[in-house]
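Reader: I have a chain open here and want to talk it through. Can you take my questions as they come?

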Amino acid sequence: MFVRGIEKETLMLLLEMGKSSHPNEYMVMLGAEGGIINTVYPIAGTVTGEDSASIFMDMIPLGMGFVGTAHSHPEGPVSPSDMDLSTFVETGQVHIITGNPFSETSWQAYDRHGQPKHLDIV
Ligand SMILES: [Zn+2]
């Protein structure tokens, strides 16, 4: 399934989660139907800090279908860290980073290689 967009409600939820978890980072899995991201799968446990990607990988339930991830950068720009890039390549085709102040423009989607990816908001 090629992911081409995200439901506006889902994007708003991801931004809202960034606000509510601040100053901590959140990380979730993303599900899609018909090429549109429309589901957020919370991950059990608390993930804080940029070095938690390996913990995140261990928590993905076996056999669960998903298209990618989303996480927040509580203080920083929405560009992927080296740790993010190594996570992206293993965890699906689309990865969203939301950043402070979690407004409608403070997010970016990336492909598995860390290149910016356009998503239609539907
Ligand atoms: Zn990150």
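Predicted model: local features only at pLDDT ≥ 70, side-chain atom pairs only at ≥ 80, totals over all residues.

Reader: Where do Glu16 and Lys19 lie?

Author: Both are in helix H1, three residues apart, which is about one turn of the helix.

Reader: How many salt bridges does a search of the whole structure find?

Author: Two. In the other, the side chains of Glu104 and Lys8 meet at 3.8 Å, N to O. That pair links distant parts of the chain: Glu104 sits in the loop between S5 and S6, Lys8 in helix H1, and they are 96 residues apart. Lys8 counts as partly exposed, at 39% relative accessibility.

Reader: Back up a bit. What pattern does the chain follow along the sequence?

Author: It reads β-α-β-β-α-β-α-β-β-β-β. That is three helices and eight strands.

Reader: Start with the strands. Which way do S2 and S3 run, parallel or antiparallel?

Author: S2 and S3 run antiparallel, joined by six bridges. Within that pairing, Ala32 stands opposite Ile37 in S3. The two strands form a hairpin with two residues between them, and Gly34 in the turn has a positive phi of about 60°.

Reader: And S1 with S3, how many bridges there?

Author: Two bridges join strand S1, residues 5-6, to S3, and these strands run parallel. The bridge partner of Gly5 in S3 is Ile36.

Reader: What about S6 and S7?

Author: S6 and strand S7, residues 116-117, pair in the antiparallel sense over two bridges. Ala109 has Lys117 as its bridge partner in S7. S6 and S7 also form a hairpin, with five residues between them. Gly114 in the turn has a positive phi of about 80°.

Reader: Change of topic: packing. How many residues are in the largest nonpolar core?

Author: There are 20 residues in the largest nonpolar core. Those with the most contacts inside it are Leu14, Val28, Leu30, Ile37, Ile96 and Leu119. The elements that give two or more residues to this core are helix H1 (8-21), strand S2 (27-33), strand S3 (36-42), strand S5 (94-99) and strand S6 (107-110).

Reader: Which element gives the largest share?

Author: H1, with four residues.

Reader: How many aromatic pairs does a search of the whole structure find?

Author: One. The rings of Phe88 and Tyr110 have their centres 6.3 Å apart and their planes at 25°, so the pair is stacked. Phe88 lies in helix H3 (residues 82-88) and Tyr110 in strand S6, so the pair ties together parts that are 22 residues apart in sequence.

Reader: Is Phe88 buried or exposed? And Tyr110?

Author: Phe88 counts as buried, at 1% relative accessibility. Tyr110 is buried as well, with a relative accessible area of 6%.

Reader: Last topic, the whole chain. What percentage of the residues is buried?

Author: Buried residues make up 45% of the 122 residues. The chain exposes about 6100 Å², and carbon and sulfur atoms supply 55% of that area.

Reader: And what about contacts along the sequence?

Author: Among contacts between residues at least 6 apart in sequence, 63% join residues at least 24 apart.

Notes
Residues numbered from 1 in each chain as written. Heavy atoms only, no water. Core = buried A, V, L, I, M, F, W, Y, C linked by side-chain atoms within 4.5 Å. Buried < 20%, exposed > 50% of the residue type's maximum accessible area, 1.4 Å probe, protein only. Contact = heavy atoms within 4.5 Å. Areas by Shrake-Rupley, 256 points an atom, 1.4 Å probe, with all protein chains shown as cover. Pairing = 2+ DSSP bridges. Salt bridge = Lys/Arg side-chain N within 4 Å of Asp/Glu carboxyl O. Phe/Tyr/Trp six-rings, centres within 6.5 Å; stacked < 30°, edge-to-face > 60°.
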